[in-house]
Amino acid sequence: MPTGTPPTPPRTDTTRAQPARVYDWLLGGKDNYPVDEAVGRRLPPQAKDAARQNRAFMHRATAWLADQGVDQFLDIGTGIPTEPNLHQIVQRVVPAARIVYVDNDPIVLRHAEALLVSSPEGTTEYVQADVRDPGGILRHARDVLDFSRPVALSLIALLHFLPDDQDPQGIVRELVDALPPGNALVLSHAASDLHSDLARQVTEEYARAGIRLGFRTRDEVARFFDGLDLVDPGLVTAPEWFRTEPAPAEEDSGIHAGVATVPSGGTA
């Protein structure tokens, strides 16, 4: 069950598109506004495929980690809840699992209390915060999660909303450095080196809506995993990442995805 009552959400700005609401539209959700739909409709059709592939990767990765016994998750950039949510996937395997969701969009907070409901044995908590304040996120997360035991840090389709001048490498390093050995990083990221023309079109359409993007090459995404041990099959496209059968259908993708663990000696 939730461990606390979320604060009153600030007013939702319906005049500007927001990434969480555009993503909701791409997934076929209803928790978005005309300004978000307008952005989604200007994106190439492959954007809907990418959203679906990204979501399916999250399902596979978190289910596998739960099967390995990981029972604590810190999911930053949660987005608008779409069933099955991360905690539902994990708590099917580990009913007592504890999950902290984090997002900076007020509309996510509005839905969180009703939709991010834990199993009776477990815990879910929602924190309204920005990934650019990793210290604040960690302080809140420690109220719910035991950082002396394994925690999976989930950064799904988030970091490409942080251009290089916002120091995404430093943010990820601060978050990962808080994780002791045996913890995991689950990450997906839009690619600039796969279908570069489509990536350029997506970047331009988001920019028209006032949303800056920082798509990256595979080598640039790999830097987020520096000092960690990548889990097989390594850093691949989202549909290529799986650990248990059946394998996902083969399809083209513009999303890099991977899972890594903190080695016994800690991060470098």
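This is a predicted model: local features need pLDDT of at least 70, side-chain atom pairs count only at pLDDT 80 or more; totals for chains, interfaces and linings use all residues.
Q: What radius of gyration does the chain have, and what would a compact globule have?
A: The C-alpha trace spans about 45 × 40 × 40 Å along its principal axes. A compact globule with 268 residues would come near 18 Å. The chain agrees with that, at 17 Å.

Q: What share of the residues is buried?
A: A residue counts as buried when its relative accessible area is under 20%. Applied to the 268 residues in the chain, this gives a buried share of 51%.

Q: Among contacts between residues at least 6 apart in sequence, what share joins residues at least 24 apart?
A: Contact here means heavy atoms within 4.5 Å. Of the contacts that pass the separation of at least 6, those joining residues at least 24 apart make up 75%.

Q: Is the crossing of H1 and H2 left-handed or right-handed, and how do the residues of the contact divide?
A: The crossing is right-handed. H1 brings Arg-21, Val-22, Trp-25 and Leu-26, which meet Val-35, Asp-36, Glu-37, Val-39, Gly-40 and Arg-41 in H2. By class, the contact residues are 5 nonpolar, 1 polar and 4 charged.

Q: Which residue does a cis peptide bond join to Glu-83?
A: Omega of this bond is about -5°. The partner is Pro-84.

Q: Where does Pro-246 lie?
A: The peptide bond from Glu-245 to Pro-246 is cis, with omega near 5°. Pro-246 lies in the loop between strand E7 (236-237) and strand E8 (255-261).

Q: Is Asp-167 buried or partly exposed?
A: Asp-167 is not a glycine, yet its phi is positive, about 55°. Its place is the loop between strand E4 (152-156) and helix H7 (168-177). Its relative accessibility is 45%, so Asp-167 counts as partly exposed.

Q: What relative accessible area does His-195 have?
A: His-195, also not a glycine, has a positive phi of about 55°. It is found in the loop between strand E5 (184-190) and helix H8 (196-208). His-195 is partly exposed, and its relative accessible area is 35%.

Terms used
Residues are numbered from 1 along each chain as its sequence is written. Side-chain values use heavy atoms; hydrogens and water are left out. A crossing is left-handed if the near helix is turned anticlockwise from the far one by less than a right angle, and right-handed if clockwise. Helices (H or I, at least four residues) and strands (E, at least two) are DSSP runs, numbered from the N terminus. Ala, Val, Leu, Ile, Met, Phe, Trp, Tyr, Cys and Pro count as nonpolar, Asp, Glu, Lys and Arg as charged, and the others, Gly among them, as polar. Buried means under 20% relative accessible area, exposed over 50%, partly exposed in between (1.4 Å probe, protein chains only). The radius of gyration is taken over C-alpha atoms; the globule rule is 2.2 Å times the number of residues to the power 0.38.
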